[in-house]
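User: Please go through this model with me, one point at a time. I would like each reply to end on the value or name I ask for.

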Amino acid sequence: GRVVKGVNFEGLNDVSSPVELGKYYSDCGADELVFYDITASSDGRKLFTDILKEVASNIFIPLTVGGGINTLEDFDRVLKCGADKVSVNSGAIKNPDLIKAAAEKYGSQCVVISADIKRVDGEFRVFARGGRDDTGMEGVSWIKRCVDNGAGEVVVNSIDTDKVKKGFDIQMLKAVCNAVNVPVIASGGAGCSEDFVTLFNEIP
């Protein structure tokens, strides 16, 4: 139940309380908070709804939530805890029809596909269970498939640049943005404000 950071999804270190950090980000001007329970899928458990409720009650910006989302009931549960959008990763890999079903029930604007991607033998490869398992699927085509099924937003988590602080993975993000026509959130690699400037100049 703590906020952690690692490098390339490994060596996780304790950082802060999610409630305190969420409020800090909100107070500092963040437009949206993305809350991932990163071990829910690998542990085979449900997301920490008690912490989620506390985070949601302390911030006044849109909240996207992911981790251990495997069924429509999981969508319903986190939305009732205060989430505005639900992010699905491993659950969609196990059951690709989940995205279509969720989009039909809650609307595409509520369904976010999150993809943990790493280069393997020169290919953008999708990983599951918090970056632990190589699915063998090519990343850009997987993301496009999810958007075609109804996902209204994409979060691209670059495992290669995670916590490296040397800039976003421009090549990967360009490939994703060229493949879909929905908003894409870049995750992994930011080390300074100039990295954001570079990102938006490179991918208008």
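User: Are α1 and α3 roughly parallel or oblique to each other?

Analyst: Their axes cross at roughly 25°. Angles under 35 degrees count as roughly parallel. The pair α1 and α3 is therefore roughly parallel.

User: Which residues of helix α1 are buried?

Analyst: Helix α1 covers residues 18-27. Buried here stands for under 20% relative accessible area. The buried residues of α1 are Pro18, Val19, Leu21, Gly22 and Ser26.

User: Which backbone nitrogen does a side-chain oxygen of Ser17 reach at the start of α1?

Analyst: The approach is to within 3.2 Å. A polar contact needs N or O atoms within 3.5 Å. The nitrogen reached by the oxygen of Ser17 belongs to Val19.

User: What is the phi of Gly29, the residue that follows α1?

Analyst: Gly29 comes after α1 and its phi is positive. The value for Gly29 is near 110°.

User: Where is Asp121, and what is its phi?

Analyst: Asp121 sits in the loop between β6 (111-120) and β7 (123-128). Most residues other than glycine have a negative phi. Asp121 is not a glycine, yet its phi is positive, at about 50°.

User: Is Asp121 buried or exposed?

Analyst: The relative accessibility of Asp121 is 77%. Exposed requires over 50%, so Asp121 counts as exposed.

User: What angle do helices α4 and α6 make, and how is it classed?

Analyst: Helix α4 (residues 72-80) packs with helix α6 (residues 97-106), their axes 10 Å apart. The angle is about 45°.

User: How far apart in space are Tyr106 and Leu79?

Analyst: Tyr106 lies in helix α6 and counts as buried at 18% relative accessibility. Along the sequence, Tyr106 and Leu79 are 27 residues apart. From C-alpha to C-alpha, the distance is 9.9 Å.

User: Which side chain makes a polar contact with that of Lys85?

Analyst: Lys85 is in strand β5 (residues 85-88). At 12% relative accessibility, Lys85 counts as buried. Its side chain is joined by a polar contact of 3.1 Å to that of Glu32.

User: How far is Leu52 from Asp37 in space?

Analyst: Leu52 belongs to helix α3 (residues 49-58). Its relative accessible area is 0%, so Leu52 is buried. Leu52 and Asp37 are 15 residues apart in sequence, and their C-alpha atoms are separated by 9.4 Å.

User: What separates the C-alpha atoms of Ser16 and Val3?

Analyst: Ser16 is placed in strand β2 (residues 10-16) and counts as buried at 13% relative accessibility. Ser16 and Val3 are 13 residues apart along the chain. The separation of their C-alpha atoms is 5.2 Å.

User: How many disulfides does the rule give?

Analyst: A pair of cysteine sulfur atoms has to lie within 2.5 Å. Among the cysteines, Cys28 is exposed at a relative accessible area of 52%, whereas Cys110 is buried at 4%. The count of disulfides is zero.

User: Where in the chain is confidence lowest?

Analyst: The mean pLDDT of the chain is 88, and 88% of its residues reach 70 or more. Confidence is highest in helix α7 (residues 139-148), at 98. Where pLDDT is low, the predicted coordinates should not be read in detail. The lowest confidence, at a mean of 60, is in helix α2 (residues 40-43).

Note on methods. Residues are numbered from 1 along each chain as its sequence is written. This is a predicted model: local features need pLDDT of at least 70, side-chain atom pairs count only at pLDDT 80 or more; totals for chains, interfaces and linings use all residues. Side-chain values use heavy atoms; hydrogens and water are left out. pLDDT is the predictor's confidence in each residue, from 0 to 100. Helices (H or I, at least four residues) and strands (E, at least two) are DSSP runs, numbered from the N terminus. Buried means under 20% relative accessible area, exposed over 50%, partly exposed in between (1.4 Å probe, protein chains only). A polar contact is a pair of N or O atoms within 3.5 Å; within protein, one must be able to donate a hydrogen and the other to accept it, and residues adjacent in sequence count only if both atoms are side-chain atoms. Axes are lines fitted to C-alpha atoms, for helices over the stretch in contact, and angles run from 0 to 180 degrees between N-to-C directions. Angles under 35 degrees count as roughly parallel, over 145 as roughly antiparallel, 65 to 115 as roughly perpendicular and the rest as oblique.
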